[in-house]
Amino acid sequence: MSTPSPQQASPSPISLTRHLLEEQRAGRINADLRLLIEVVARACKSISIAVGKGALGGVLGDAGSDGAASINVQGEAQKKLDVLSNEILLEANAWGGHLAGLASEEMDHSVPIADMHSDAYPRGNYLLLFDPLDGSSNIDVNISVGTIFSVLRCPEGVTTPGDAHFLQPGTDQVAAGYCTYGPSTMLVLTIGHGTHAFTLDREIGSFVLTQRGMTIPEETKEFAVNMSNQRFWEAPMQAYVGDLLKGREGPRGKDFNMRWVASMVADVHRILTRGGIFSYPLDSKCAAKGGKLRLMYEANPMAFLVEQAGGAASTGRQRMLEMQPTGLHQRVPVFLGSKAEVEAAVRYHREHDLQGQDAG
Ligand code: FBP
């Protein structure tokens with residue numbers, strides 16, 4: 001007997017607002033965090049409209065003027081939509097009164113709400129981190145992109161938080177989510193009680209619950225990685241993917257298919273929907289930086305969502321959510337998705353490291 005979809009279970013569509021209110025009545029979330037999530041969701045609606053306009057809205061292409069690109073703290077050329085999405089999220093979250101501070105992929109340092117409008121706005125108890133527009137390389141070619149966010153508590157007694165106050169392990173997240181701007185706009189959210197998906201109903205302008213309790217199958221035959229980096233990978237990663245590619249003739253005994261959208265939100269959404277493993281491992285190109293993807297506003301929120309859907313998330317050597325952050329824009333290797341497959345990838349790394357130790 002299949003689980004009835006929210007639409008079948010409840011005759012009237014369950015909006016995000018109703019879902020969060022029911023979570024509050026069940027004592028799983030307080031009013032402040034509920035309203036903060038609503039503010040972020042509203043900002044994502046505005047970003048969805050901007051992204052949807054594409055060339056008609058003049059939002060494609062690089063930011064910067066007079067031919068000079070505008071470079072962010074990551075050393076990457078900013079896209080117009082990176083800057084616009086960042087501004088939309090900053091403006092929306094400044095006056096809500098739920099935040100003490102926020103941090104973004106597009107800003108060097110975190111910003112305390114107090115500094116945003118000279119005490120004009122009340123401060124709250126939460127810290128918000130976000131990647132305003134993930135998948136930047138796909139913006140101008142009309143492939144799904146997204147916004148990723150993570151919510152932490154502001155440490156007790158801290159009224160003007162600095163970068164150091166954000167450096168909390170992923171296990172301390174109180175909420176996380178992403179919004180993917182694709183054929184439909186979808187918000188995927190967790191507050192630590194399962195992972196749920198909402199689809200934007202453009203007619204009523206509301207996010208409607210379309211998948212309650214997303215569950216990632218334990219096993220999978222689908223992997224996602226940028227294969228063009230293969231020659232730069234560590235030996236355990238070479239061995240792991242090598243065995244995937246050998247398929248049923250190899251030690252894994254089954255054939256694997258590959259997908260790579262190059263927008264983490266889109267690759268992770270596929271995995272939350274039908275399983276798979278996503279990895280951006282350490283390679284000799286990004287080793288000096290510690291990896292490609294960012295811990296605080298990419299890896300940790302995705303790890304929380306995936307674990308709440310029964311999957312696993314690791315650096316290849318450690319549970320992602322247990323990592324103690326050392327920097328706001330810290331980068332890490334990422335393996336996440338179907339539990340058994342992530343464990344397999346981790347096994348290759350562990351066995352390699354053990355052999356290294358024995359040989360040492
Ligand atoms: P940003 O676009 O936010 O910088 O994110 C990084 C990202 O685009 C991920 O979304 C994606 O998984 C990865 O980089 C793609 O990397 P590559 O260009 O090496 O395929």
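Guide: A residue is called buried under 20% relative accessible area, exposed over 50%, and partly exposed in between, with a 1.4 Å probe and protein chains only. The model is predicted: local features need pLDDT of at least 70, side-chain atom pairs count only at pLDDT 80 or more, and totals for chains, interfaces and linings use all residues. Residues are numbered from 1 along each chain as its sequence is written, and side-chain values use heavy atoms, with hydrogens and water left out.

Visitor: What makes the pair of Tyr-240 and Tyr-348 stacked or edge-to-face?

Guide: Rings of Phe, Tyr and Trp (its six-membered ring) pair if their centres lie within 6.5 Å; planes under 30 degrees apart count as stacked, over 60 as edge-to-face and the rest as tilted. By this rule the structure has three aromatic pairs. The ring centres of Tyr-240 and Tyr-348 lie 5.4 Å apart with planes at 65 degrees, so this pair is edge-to-face. Tyr-240 belongs to helix 7 (residues 235-246) and Tyr-348 to helix 10 (residues 339-359), 108 residues apart. Helices (H or I, at least four residues) and strands (E, at least two) are DSSP runs, numbered from the N terminus.

Visitor: How do you know which strands pair with strand 13?

Guide: Two strands pair if DSSP finds at least two bridges between them. Two bridges join strand 11 (residues 222-224) to strand 13, and these run parallel. Four bridges join strand 13 to strand 17 (residues 334-337), which run antiparallel. Tyr-280 stands opposite Val-334 in strand 17.

Visitor: What makes helix 9 mostly covered?

Guide: In helix 9 (residues 295-308), 12 of its 14 residues are buried, among them Tyr-297 and Phe-304.
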